[in-house]
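Open the model in your viewer and colour it by confidence. Then follow the stops below in order.

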Amino acid sequence: MGTIKATNIEPIADNGTVTLGSSGDTFTLGSGVVQSNLNYPAFEAYNSGNQSLSDASATKLEFDTEVFDSNGTFSSNRFTPGVAGKYFIYSQIPLDSEGTGSDYIILQLYKNGSRVFANRFYEGSLDLDEPSISINIVLDLAVSDYIEIYGAMGVGSGNPT
């Protein structure tokens with residue numbers, strides 16, 4: 001095996017393609033080498049205030065404060081990855097320690113406008129000073145898929161839409 005040393009590799013043709021290896025080959029980076037120009041979309045956002053939920057009706061949750069948004073992929077309370085891959089998605093609703101005044105709260109994850117995951121909290125089911133409800137899921141997302149978070153509450157035995 002030989003060693004190639006270069007500061008820049010450019011394609012000969014105008015198509016801009018440089019091929020390293022072939023299908024199934026593995027490239028190993030040496031210790032301390034940093035791989036650059038990778039696209040890892042990630043964000044963290046939260047609602048700085050309170051948001052009311054309507055009885056038995058799904059309400060899109062508002063996230064008015066961004067902690068970070070690495071690739072500008074979070075906008076208008078919606079995450080659109082821009083890069084296909086597996087994504088860990090987490091959301092949480094803290095509940096008032098005085099109680100919600102409802103029988104249940106549902107936190108829902110929507111992908112492309114359709115609910116794909118939900119978690120329910122039933123009033124009185126946990127004895128906590130500051131209860132919350134959360135969702136944690138890993139999803140395969142395409143470039144243009146989008147994720148939104150909804151909340152719903154209810155009084156009585158009905159389920160929200």
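The predictor gives each residue a confidence called pLDDT, from 0 to 100. This is a predicted model, and the protein averages a pLDDT of 83. At least 70 is the score of 83% of the residues. Now compare strands. Confidence is lowest in strand β8, residues 114–122, with a mean of 89. It is highest in strand β5, residues 78–79, at 96.

**Stop one: P41.** Select P41, in the segment before β1 (43–46). Is P41 buried or exposed? With a relative accessible area of 10%, P41 is buried, because buried means under 20%. Show its surroundings: beyond neighbours within four places in sequence, P41 contacts S70, N71, T73, F79, P81, V83 and Y87. Then pick D69. The C-alpha atoms of P41 and D69 are 7.6 Å apart, although 28 residues separate the two in sequence.

**Stop two: E148.** The model has four salt bridges. Select K60 and E148: their closest N and O atoms are 2.7 Å apart in a salt bridge. K60 sits in strand β2 (residues 59–60) and E148 in strand β10 (residues 147–154), so the pair ties together parts 88 residues apart in sequence. E148 is buried, at 5% relative accessibility. R78 is partly exposed, at 30%.

**Stop three: D140 and K86.** Their salt bridge has its closest N and O atoms 3.0 Å apart. D140 is in strand β9 and K86 in strand β6, so parts 54 residues apart in sequence are tied together. D140 is partly exposed, at 46%, while K86 is exposed, at 63%.

Notes
Residues numbered from 1 in each chain as written. Predicted model: local features only at pLDDT ≥ 70, side-chain atom pairs only at ≥ 80, totals over all residues. Heavy atoms only, no water. Helix = DSSP H or I, 4+ residues; strand = E, 2+ residues; numbered from the N terminus. Buried < 20%, exposed > 50% of the residue type's maximum accessible area, 1.4 Å probe, protein only. Contact = heavy atoms within 4.5 Å. Salt bridge = Lys/Arg side-chain N within 4 Å of Asp/Glu carboxyl O.
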